[in-house]
Amino acid sequence: TWREEERSWRGEDREWRAQDMEFRVEERDWWHLEHLWRQENRKWRLEDIEQRVLENARWVWLRYAEKNRRDVEEKSEQLKSISSLSALLGGFAVVAFVELQFADPAVKPAQSEILIVAYAATTALTVALMLNSMVLCSFMLCSILRNGKTYVSEDEEADYLYRCRRFALEFQKGDVPPQPQRSFEKHWETRCEDDWKNAFRMFTMGVPVFLSNIACISWLKFHYSTWAAGTVTAIAIAATFGWVHTQNNWGWHIERTGRNRSGHPSVSQGGSAHGSTGLPFAWHA
């Protein structure tokens, strides 16, 4: 009897061992599946990190492209305003020169020769200054409208995204983050800033000359009335002092460069003012 029980126990033990082996095989398969899942999870995380790097780089690029667009619009409006005012004042001077008849051409005028020469000189100087200012601003406006979009072209974007991705992959603390190689702000500072200042200075010099021209016109037109000519001259002098005051308050502010206006280095200077000390994309925070 005990032999039969021993055989039965051994049979059950073999059955348990077989079930245990099946369970171990199944467990091994589950471990293998879990290992594959973890590998896929790591692969997904790496792809997700790479995608986030690309999205961060694209976000910074879009911010740079928007800044480029705002810079182009700002400079365009700046040039348009000076060009329009120069054309307006130059047109006034030319119309006055053409329409003014202060004496019969066949008769020697009673006005002073010096006054006539001063009138002719101020008219020519006003037109020359305003015309040069208008033409220079117009040419610069055409140039920036034509070339402004080239700084955010697809090639520039692809190059910048590639350098951002490479920077994120090889980042070490203290590395300087990549910046766009070309920018409209840098182009303006190196190519257009001096010409813009020259155009603005010609405009600012032309305004008091235009007021002097008005004073000369008053003495030629109202030579028979000292009070009328003196009143116009006094108003022109007062306007000249007002212009000097306005120029003192705002002229220097308009002529300042982009760096001085913002108080911070521009995008094209390469990196942040104090370098990168955090994450690869922490410099724009």
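Me: What is the handedness of the crossing where α1 passes α2?
Reply: In this predicted model, α1 passes α2 in a left-handed crossing, where left-handed means that the near helix is turned anticlockwise from the far one by less than a right angle, and right-handed that it is turned clockwise. The helices themselves are DSSP runs (H or I, at least four residues; strands are E, at least two), numbered from the N terminus.

Me: And at what angle do the axes of α1 and α2 cross?
Reply: They cross at roughly 155 degrees and come within 8 Å, with axes taken as lines fitted to C-alpha atoms, for helices over the stretch in contact, and angles running from 0 to 180 degrees between N-to-C directions. That makes α1 roughly antiparallel to α2, since angles over 145 degrees count as roughly antiparallel, under 35 as roughly parallel, 65 to 115 as roughly perpendicular and the rest as oblique.

Me: Which residue classes make up the contact of α1 with α2?
Reply: The residues there divide into 18 nonpolar, 8 polar and 2 charged. Ala, Val, Leu, Ile, Met, Phe, Trp, Tyr, Cys and Pro count as nonpolar, Asp, Glu, Lys and Arg as charged, and the others, Gly among them, as polar.

Me: OK, now α4. How do its axis and that of α1 cross?
Reply: The axes of α1, which spans residues 2-99, and α4, residues 184-221, come within 10 Å and cross at roughly 20 degrees. That makes α1 roughly parallel to α4, and the contact of α1 with α4 divides into 17 nonpolar, 3 polar and 4 charged residues. The crossing of α1 and α4 is left-handed.

Me: What about α2 and α4, parallel or antiparallel?
Reply: The axes of α2 (residues 113-147) and α4 come within 7 Å and cross at roughly 155 degrees, and the two helices are therefore roughly antiparallel to each other. Their contact comprises 26 nonpolar, 9 polar and 1 charged residues, and this crossing is left-handed.

Me: Stepping back, how many helices and strands does the protein have?
Reply: There are 6 helices and 0 strands, so from the N terminus on the elements run α-α-α-α-α-α. Of the 285 residues, 30% count as buried, where buried means under 20% relative accessible area, exposed over 50% and partly exposed in between, with a 1.4 Å probe and protein chains only.

Me: Switching to charges, how many salt bridges does the count come to?
Reply: The count comes to 17, a salt bridge being a side-chain nitrogen of Lys or Arg within 4 Å of a carboxyl oxygen of Asp or Glu. One of them joins the side chains of Glu-185 and Lys-67 at 2.8 Å, N to O. Glu-185 lies in α4 and Lys-67 in α1, so this pair ties together parts that are 118 residues apart in sequence.

Me: Which residue does Glu-73 pair with?
Reply: Glu-73 forms a salt bridge with Arg-69, the closest N and O atoms being 2.6 Å apart. Both lie in α1, 4 residues apart, about one turn of the helix. Glu-73 counts as partly exposed at 42% relative accessibility, and Arg-69 is partly exposed at 37%.

Me: And Glu-74, which partner does it meet?
Reply: The side chains of Glu-74 and Lys-75 meet in a salt bridge at 4.0 Å, N to O. Salt bridges that share partners also join Glu-66, Arg-69, Arg-70 and Glu-73 into one network. Glu-74 is partly exposed at 34% relative accessibility, while Lys-75 is buried at 5%.

Me: Cysteines next: how many disulfides does a search of the whole structure find?
Reply: The search finds 0 disulfides, taking a disulfide as a pair of cysteine sulfur atoms within 2.5 Å. Cys-137 counts as buried at 1% relative accessibility, and Cys-192 counts as buried at 4%.

Me: Last one: how far apart are Val-53 and Phe-167 in space?
Reply: They are 9.7 Å apart, C-alpha to C-alpha, and 114 residues apart in sequence. Val-53 is found in α1 and is buried, with a relative accessible area of 16%.

Methods:
Residues numbered from 1 in each chain as written. Predicted model: local features only at pLDDT ≥ 70, side-chain atom pairs only at ≥ 80, totals over all residues. Heavy atoms only, no water.
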